[in-house]
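Here are a few notes from my look through the model. Have the structure open while you read.

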Amino acid sequence: MQGKELKTLAAAMIAVALLAGCSSNKSNEEASSGGPSPSSSASAASGDAPQANELSWKKDTSPFKFTQYFYGNWGSAYIWKDQYAMKLATEKTGVTVDRKLATGSDDDYLNTMIASGDLPDSIMLDWNNPAVTKLIKNGMVYSMDELIDKYAPEFKSMLDPDMVKYHSIDGKLWYLPNEYETQDRLTSGVPIVPVRPWFIRSDIYKAIGSPKIETTDDLMNALKAAKAKFPDISPVGLEFFDVSKNGFGGSLSMDYLIDSFSPHLLEERVKDDQQIVEYPMRNKGFIDAFRYLNQLYRNGLFDPQLLIYKQEQYEEKLYGAKYAVASQYMNNMYTTYNPKIESTIGKDQTYTVLDGLKANGQDPRYPASRLMGWQGFFITKQAKDPGRIIRFAEYAWSDEGQMDMRYGKEGETYDMVDGLPKYKPDILQTALKDHATFDAKYGFQDSTLLWRAGKLWDDAAARDLKESQPEQYDASQLLSKYDYDSYSLGMENLTPDGSTPEAVINEKVIDLWNKTIPKLVLSKSDDEFNNVYNNFIKQMDQVGAEKVEKVMYQLHLNDLQKKGLK
């Protein structure tokens, strides 16, 4: 899986479990699962951990501020202001995080910082971003090992050995992965839906006779019927298209189709006999998903403006229920869009999830790996006090820090109910009915950005979702039956090193594919579609795609080796 595709999977899995921490509409994460109860000294990840009163962060709680760049200019909810969780972290540790977002392009902003050497104290950056290699090779970041050994030796026993092994580079751990999942998370807690599902507007579905929608043909027929009865409503809505941001699917909404038309895509990309991992654009089923989108367009069911819409434009129409069928993360639809639609337009126009679609007689399959983490927490050589920062990270990683970030203070913002944390009723209702206010007031899940796996908040998440959002829980259960564990396929990190010639070729392929998608979708005939596609493959080969595919194969083998599978 390409780096951007891994990020997309991380985003899907994060968004799905946020209700018990309760979810925020951040277009990305699922708050990592839990750990033992706050009173337990055992770490969720690694057996015997030190008692909380022995942790190094408690040695100095004087006022201290450090800067942090967050890679993701959409992440305004993560900025520290006066939210409850942020104030609680500062109250306990003395630390304030001055978190900054890019102005304009994240990649341009990051690359300019690296080129100038003018770095903040810390960085939250996708661990498989090509810029990570630059940071490490140019000696711009500390290894976690050296800082932990020197300033927070107790921290080491809290880290999952498998996580450390997988994420180490040249024998050193250079970052702490935010959102590290364990194996049991795939079958416990909130049901995982690692794609953006497609939803149908409830009143429109009823008006067209509530037909079964089990196959891609069924969906096509339903959309035609919707257009006939509701000519002023856009039949289908997909999120913005940008290959560099969303992976080779182009739009995050496309995974729903791709995993129907090519349910074995990941396995099929690996060609051991040729020692390559193919680009997905060579896969027939992958291209058939775009062929289907082209058929929607040719039937007047897909608005070509969606190919150039900004995310804000798409969301504006979704808030107005202007699509018959729309795509969105499960959690965001049920905690953000549907509540807003219900309060401003009416409950009858809220959206109901579609089941997985069969294409060509095959059931869909949604890859849900033991998530290797979303972003990495890096400490730069520009940090004025790296020891204080690693000690703050120790606090964030601890059971106490996890509970503070997710729930706040027992008796004040949550109670323990049957051994599990649960928000006070008014806070839970705010999270369910007005998530923007919930974010702005409490900042739960937003403060330290060092979520980790464990049982306590997983179990709480499942209970709270089932009780408070039974419709979302049932929808998640409906689609999670198509999940499979892709961990053993070794497709987590296939992006060529940013300093290599293959990385340059890969960027050319990304650019070519980005320009090709609109031409495919807007083709006026099958022949035109085929010609556009064949020309793309020819151009892709001319710029050296096979060289990248050979490197991706080696990265695939490296991934298997890191996991102890080869």
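1. Bear in mind that this is a predicted model. I'd start with helix α13, and with what surrounds its buried side. The buried residues of α13 pack against the helices α9 (216-229), α11 (255-261), α12 (265-269), α22 (501-521) and α23 (526-542), and also against strand β8 (234-237).

2. Which residues of α13 are buried? They are Gly 285, Phe 286, Ile 287, Asp 288, Ala 289, Phe 290, Tyr 292, Leu 293, Asn 294 and Leu 296. Notice that Asp 288 and Asn 294 are on that list along with Phe 286 and Leu 293.

3. The length of α13 checks out. The helix covers residues 284-298, so at 1.5 Å a residue its 15 residues should span 21 Å, and the 20 Å between its end C-alpha atoms agrees with that.

4. Now look at the two ends of α13. After the helix comes Gly 300, which has a positive phi, near 70 degrees.

5. Elsewhere there is an open sheet of 5 strands with mixed pairing, in the order β4-β3-β5-β14-β6. Its edge strands, β4 (95-101) and β6 (176-177), each pair on one side only. Helix α16 (residues 386-397) packs on this sheet and touches β3, β4, β6 and β14 (375-379), and its direction makes about 150 degrees with that of β14.

6. Inside the sheet, β3 (residues 64-70) and β5 (residues 122-126) run parallel and are joined by 3 bridges. To find your place there, look for Gln 68, which stands opposite Ser 122 in β5.

Methods. Residues numbered from 1 in each chain as written. Predicted model: local features only at pLDDT ≥ 70, side-chain atom pairs only at ≥ 80, totals over all residues. Heavy atoms only, no water. Pairing = 2+ DSSP bridges. Helix = DSSP H or I, 4+ residues; strand = E, 2+ residues; numbered from the N terminus. Contact = heavy atoms within 4.5 Å. Axes fitted to C-alpha atoms, helices over the stretch in contact; angles between N-to-C directions. Expected span 1.5 Å × (residues − 1). Buried < 20%, exposed > 50% of the residue type's maximum accessible area, 1.4 Å probe, protein only.
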